[in-house]
Amino acid sequence: MFGKRRITVLAAMAALVPLALSACSGGSEPPAQPSGPVTLTWWHNGTTDPIKSIWAQVVADYQKAHPDVTIKAQPLQNEDFSTKVPLALQSAEPPDVYQSWGAGDLASQITSGKVADITDATKPWIEQATGKFGENWKVDDKQYGVPFAQHTVGFWYRKDLFQQAGITTPPKTMDELNAAVGQLKAKGIAPISVGGKDRWPDAFYFNYFAIRECSIDVLKQSVKAVKLEDPCWTRAGQDLKNFLATQPFQTGFAGTPAQQGAGSSAGLLANGKAAMELQGDWEPGTMSSLTEDKDLESKVGWFPFPTVAGGQGDPNAVLGGGDGFACTTRASKACVDFLQYLVSEPVQTQLAAQGTGLPVNIVAAKSLKTETLRQVYDYGTKAPYLQMYFDRAFPTAVGAALNDAVANMFAGQGTPEGIVAAVNQAAAGNK
């Protein structure tokens, strides 16, 4: 999924540089690197076009320029990474390159001893290629991964369905969003689709209510301490409970996947079966593979998550994150060289032009596929603060506990206090 930004990034260097590496086990000698031809196994979540074809072309182009490197790509469903990566890192042969969302999730993974510390190898180019965004793939000031896309979450909506319901402008406040939900339901239109089966789309709502209710300082302190103490977290849960009471989602949302098939939440929006979905900037690329509608781009718009009356959060702060990759230790020199290629201008331009995400390379931003994506990019880069999705910002077990607690509330169970308690209990058990 989810994989945005508030930062300005510079162009990636065109020239490749010699690479050095230190191992992830602090102070120890780097593991021996393969000499001669190298084969890299690469786990990524590009299971559908356009990203699937882009990654296939990236492999072909890279292997042509580097005949001593063979890349064996293995696309995996986004939701599979949370279970397969931890297991792989405990095995004798983990993938050499794997999808990583950074932050607390990555911090949990490096405890395996299999994730490479690539600080020295990336130092000559990473800031120029990714700006300060690459810092989200640092743990204890050491670089363990490289982002290739940044993400901003907001509401994607069908202009045609809004028009049918008499909604003339996108909602800016929760009162306006609630009114829009009522207008759409009056016309027999499912107001919002959500992929409740996958749980993380549910969590976006609690995440955003917390960003609107909690000050930036509280958000930062809470993530750093891995503890929810401020009353704003409970208020966010109450906001979610109140919103759920309006019954804004499609029938059967708890069993709906987020991105798999025309009946997924993204597919419902793509095919005009729902009017809105709270999702990241990857939504257009996801929807394009789920519908036969060739005019979809002209029918879809975007707006930020609405303001919450009385909230202490910055109303322009955004939820987001990024997609990236981490290297394991077996062939990390070759892996880092490949990651540098992924943030180079040619690759980043191709990703932007196909609508697969917002580039980390600022030079590539001019190639974003649509005016709507440029709107999302500008909003994210100008935002005063970007909060990484909490299930990635927190350690893996804590993020999972949050998602589960929110999903329980979506299912009609649990309380605002229960969400806070679930996170704090998981954090206590994670220490």
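This is a predicted model: local features need pLDDT of at least 70, side-chain atom pairs count only at pLDDT 80 or more; totals for chains, interfaces and linings use all residues.
Local features rest on pLDDT of at least 70 and side-chain atom pairs on pLDDT 80 or more, while totals for chains, interfaces and linings use all residues. Residues are numbered from 1 along each chain as its sequence is written, and side-chain values use heavy atoms, without hydrogens and water.

Let us start with the helices (DSSP runs of H or I, at least four residues, numbered from the N terminus). Helix α8 (residues 200–213) and helix α10 (residues 231–244) have axes that come within 8 Å and cross at roughly 130 degrees. Axes are lines fitted to C-alpha atoms over the stretch in contact, with angles from 0 to 180 degrees between N-to-C directions. On the α8 side, the contact (heavy atoms within 4.5 Å) involves Tyr205, Phe206, Phe209, Ala210 and Glu213. Nine nonpolar, one polar and three charged residues make up this contact.

A second pair is formed by α1 (residues 51–65) and α14 (residues 332–342), whose axes come within 12 Å and cross at roughly 120 degrees. α1 is thus oblique to α14. Trp55, Val58, Asp61 and Tyr62 of α1 meet Ala334, Asp337, Phe338, Tyr341 and Leu342 of α14.

As for the largest cavity, Phe148, Ala149, Leu351, Thr356, Gly357, Leu358 and Pro359 line it; a cavity is a set of points on a 1 Å grid over the protein atoms alone where a 1.4 Å probe fits but cannot get out, and lining residues have an atom within 4 Å of a point. The lining of the largest cavity has five nonpolar, two polar and no charged residues.

Terms used: Helices (H or I, at least four residues) and strands (E, at least two) are DSSP runs, numbered from the N terminus. Ala, Val, Leu, Ile, Met, Phe, Trp, Tyr, Cys and Pro count as nonpolar, Asp, Glu, Lys and Arg as charged, and the others, Gly among them, as polar. On a 1 Å grid over the protein atoms alone, a cavity is a set of points where a 1.4 Å probe fits but cannot get out, and a pocket is an open set with protein on both sides within 12 Å along at least five of seven lines; lining residues have an atom within 4 Å of a point. Angles under 35 degrees count as roughly parallel, over 145 as roughly antiparallel, 65 to 115 as roughly perpendicular and the rest as oblique.
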